[in-house]
Structure formats: C-alpha cells, structure tokens
Amino acid sequence: SEDEVRTYAGGRVLDAEGEEVKSVWEKDGVRIWTKEIPSFAFASFRVEAGARETEKETIETSSIETPYYQIAWNEAGQLTRIFDKKAGREVFPEGKCANELQVFEDKPRCFDAWELEPTIDLKKEIVEDCTSVKVRQDAIGWQVDFTWKYHKSEIRQTMCLYEENPRIDFKTEVDWQERQKLLKTSFPVDVRAVDARFDIQDGNIRRPITRNTSWEAAKFEVAAHKWVDLWETGYGMAVLNDCKYGHSVLDGSMALTLIKSGIEPNPTTDQEEHFFTYALLPHAGDWRNGTVREAYCLNQPALSFHGGKTGSEFSLASVAAPNVVLETVQQAEDGDGWIVRLYECYGRRANVRLIPGFPFAQAHVCNILEENGEAAAAENGAIALSLKPYQIVTLRFGR
C-alpha cells in the first residue's frame, strides 16, 4: 500500500540469511536484485524501515561502461557500440547502428491485419527525431531514457543495464497513431553465420539468413516466441522479447517486428498505447549458453506481495539439468492430483531427477489428455527421468 511504501521507503532489504540485497526505492515500491530463486518457488525478504536512503545519480553522457560492456549511442538514440569486455570483441559491425527503429509502408494486397509483402523493405524510414536522453545510475545498474517523435506518434524507451547480469533490456512504451505503418527494431551483429535459431513452443527451429532461393526468400519473416539467436563458433547474440513474435534475419542483422497498424477489418488497429520489453543477450558459445534461461526470466518475472513469514522458502517442483525446462505445474483437470510437464530444450539427451515439493502417493507418465500410462520410478520423493532430444514428458501425481 502507499502507506507501507512511505513507512519503509529508504529501508534496507534483507534476505532469509539476514544479508542485505541491492535495492532501489521507487514511488510505488522497491526494486531488488536477489540471488537465484528456485523454480516454481517463493522466497521471503524483510525490510528494515528507514535504515538508509537510496541515492540516484543523473549522468550527462553518451556512453556507459558496466562490468560487462562499453556502450555508446548517437544523437538519434541509436546504439553505435557495444564492446563485450568478457569476450574482448565488438558486438556490432564497424559503422553499423543498433536498436535502430525502422518504419515501413505496409499495404499488403490482402489480409491487411496479418499479411506482409516480401517487398516491404523497399519503403523504409528511420526514426531519428530523438527529443530526449536521460541517464541514471543506482545500486542495481543504469537506466537510459530515450524519447522519439515520429509524425503523430511518440516512442519512450528505457535501456536497462545491470551490475550482475549481461542482459540489456529495452522497456518500451509507444503512443502509436499511424495507419498502415510497420514498426521494427534492428540489431546487426558481427558474426559469420548461415542460419539463425528461433524459439518455438517446447523447442526451436533453424531458418536461413540468406535469400539465395525462392524457398529462402519466402522465409523473410519468421514466427517465433521468446528469442532468436545468431552465432558463429564461439560467440553470438540473442534478441529476446516478452510479447512480439515476428522476426526477420538477413545476413548479419536481426529485426523484431513491434507494431503492425493495419486498417482492415479494424480501421484503427494498433492506434493506441503499447507496452512491451525486448532485450539483447551477447554470449560466448552458441544459443545453448544462457539464451533459453534468460528468455524465460524476461517472460516470467518474479512477482512480489506483502506478507508471509521471514526466512520462509518453498519450491513447488524443480529439476537440476540446464537443458530441461520445467514448463508447467497445474492441478489436474478432474481436480484429482497434479500435472507436471517438462521438455528437453538443447537437442541432446538428459538424465534428470524431478523433485516435487508436494506430497504424492503415486506418479504416472500421462498423455496430453492426462490419462495415465506407465508408472514413473520414484525414489526418496524424486522421479528419475531419461529424456531424448526435444522430448516432452507429462507426469500425473496422485494423492
């Protein structure tokens, strides 16, 4: 509540062991940076009222250095450089700009709200009217606020950089008032690749990044879920998102479709306020090195609420293998027991132990209709599983 925020504002935030965690007080609450919380779990934190004040520093600059990167931008609000300090290399090709906001004339021959023409790139504008840039630093990291004007529309964005995470977030608000205009953001990456990897439900697919054949040309826009990754041997970069599913990759540049303002069947489609976040993740190795995990963290952020017991923690279910995703924990449709669904995400075999946090009398592998199949092997309250590449496994736990 507002009264609680006023009472505790500026206080220290302590974890279950009594150690202070990094915190930044805002007008509507507090942001904290904490250690990893187990999957499907909660952890409690305690606030000591008024123990200290959190200071924010406003900086006049066009570049920032973090523990991970050296970053610079130009007067148009486009990124001109990201130097990866851990890898010792430039992320973008020389002379290229990133997070370049692009607007395309979008007048397809049919299905105005859904269709894209392969020639859409022929009529492109770059959003360059950056009216404001503000840089702030706090205990968690840095925030760079950009504002752009485009005709009747306004784009407001905060680039978030962190002390303890290599992910770069772009929290975006758009007041879009355009008709039949497509808005994208583009990120070139200095790698040598022939295809890219795209996230789909419970797996991923590969698509070419060239247009050498009619089949390749037809894949100019790819539907994907949480991420797209482009890499060479030893290094790459992922573009993550929390609700935008149109991607295009040509040669060494990745673009994410943000808004499509068609006029049929709704003549004012997308002419409203939009709120979304996308992110960059430069990484060593290929897409298996953190991309899947960070995409899930972006799409399923931790939620907070007031209450609970100090020091209490609980995990509803967990697995230890980095290539196995615990996708779903839910009550069975008939109300009798729990359903747990997981899948292998790297395309390699895995032997894992699933540890439920709830009591159960029996466990079975089941189908999508939640009909029991063979019994699952349980030992000391855990289930041992062997997964094949990209295999999906659903378990039903009975009381």
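Is Tyr 278 buried or exposed? Tyr 278 is buried, with a relative accessible area of 0%. The views below come from a predicted model.

**View 1. Phe 276 and Tyr 278 form a stacked pair.** The structure holds 15 aromatic pairs. In this one, the ring centres of Phe 276 and Tyr 278 lie 6.5 Å apart. Their planes meet at 25 degrees, so the pair counts as stacked; the cut-off for stacking is under 30 degrees. Phe 276 is buried, with a relative accessible area of 4%. Tyr 278 is buried too, at 0%.

**View 2. Four rings join into a cluster.** Phe 170, Phe 187, Phe 276 and Tyr 278 are linked by ring pairs. The stacked pair of Phe 276 and Tyr 278 belongs to this group.

**View 3. Phe 358 and Phe 397 meet edge-to-face.** The ring centres of Phe 358 and Phe 397 are 5.4 Å apart. Their planes stand at 85 degrees, so the pair is edge-to-face. The pair links distant parts of the chain, 39 residues apart. Phe 358 sits in the loop between strand E30 (350-356) and strand E31 (362-366). Phe 397 belongs to strand E35 (residues 392-398). Both Phe 358 and Phe 397 are buried.

**View 4. Two lysines lie over aromatic rings.** Lys 184 lies over the face of Phe 104, 5.6 Å from the ring centre. Lys 226 places its charged end over the ring of Tyr 296, at 4.6 Å from the centre.

**View 5. One cavity reaches 30 Å³ or more.** The space in this largest cavity is about 40 Å³. Its lining consists of Asp 199, Gly 203, Asn 204, Trp 227, Val 292, Tyr 296, Tyr 343 and Cys 345. Strand E19 (203-208) and helix H3 (291-299) each supply at least two lining residues. By class, the lining has 5 nonpolar, 2 polar and 1 charged residues.

**View 6. The second largest pocket has a volume of about 550 Å³.** Its lining comprises 22 residues. Gln 102, Asp 121, Lys 124, Leu 250 and Ser 253 lie nearest the centre. The lining divides into 12 nonpolar, 4 polar and 6 charged residues.

Technical notes:
Residues are numbered from 1 along each chain as its sequence is written. This is a predicted model: local features need pLDDT of at least 70, side-chain atom pairs count only at pLDDT 80 or more; totals for chains, interfaces and linings use all residues. Side-chain values use heavy atoms; hydrogens and water are left out. Rings of Phe, Tyr and Trp (its six-membered ring) pair if their centres lie within 6.5 Å; planes under 30 degrees apart count as stacked, over 60 as edge-to-face and the rest as tilted. Buried means under 20% relative accessible area, exposed over 50%, partly exposed in between (1.4 Å probe, protein chains only). Helices (H or I, at least four residues) and strands (E, at least two) are DSSP runs, numbered from the N terminus. A charge sits over a ring if NZ of Lys or CZ of Arg is within 6 Å of the ring centre and within 35 degrees of the ring normal. On a 1 Å grid over the protein atoms alone, a cavity is a set of points where a 1.4 Å probe fits but cannot get out, and a pocket is an open set with protein on both sides within 12 Å along at least five of seven lines; lining residues have an atom within 4 Å of a point. Grid points are joined across faces, edges and corners, and a volume is the space filled by probe spheres set on the points. Ala, Val, Leu, Ile, Met, Phe, Trp, Tyr, Cys and Pro count as nonpolar, Asp, Glu, Lys and Arg as charged, and the others, Gly among them, as polar.
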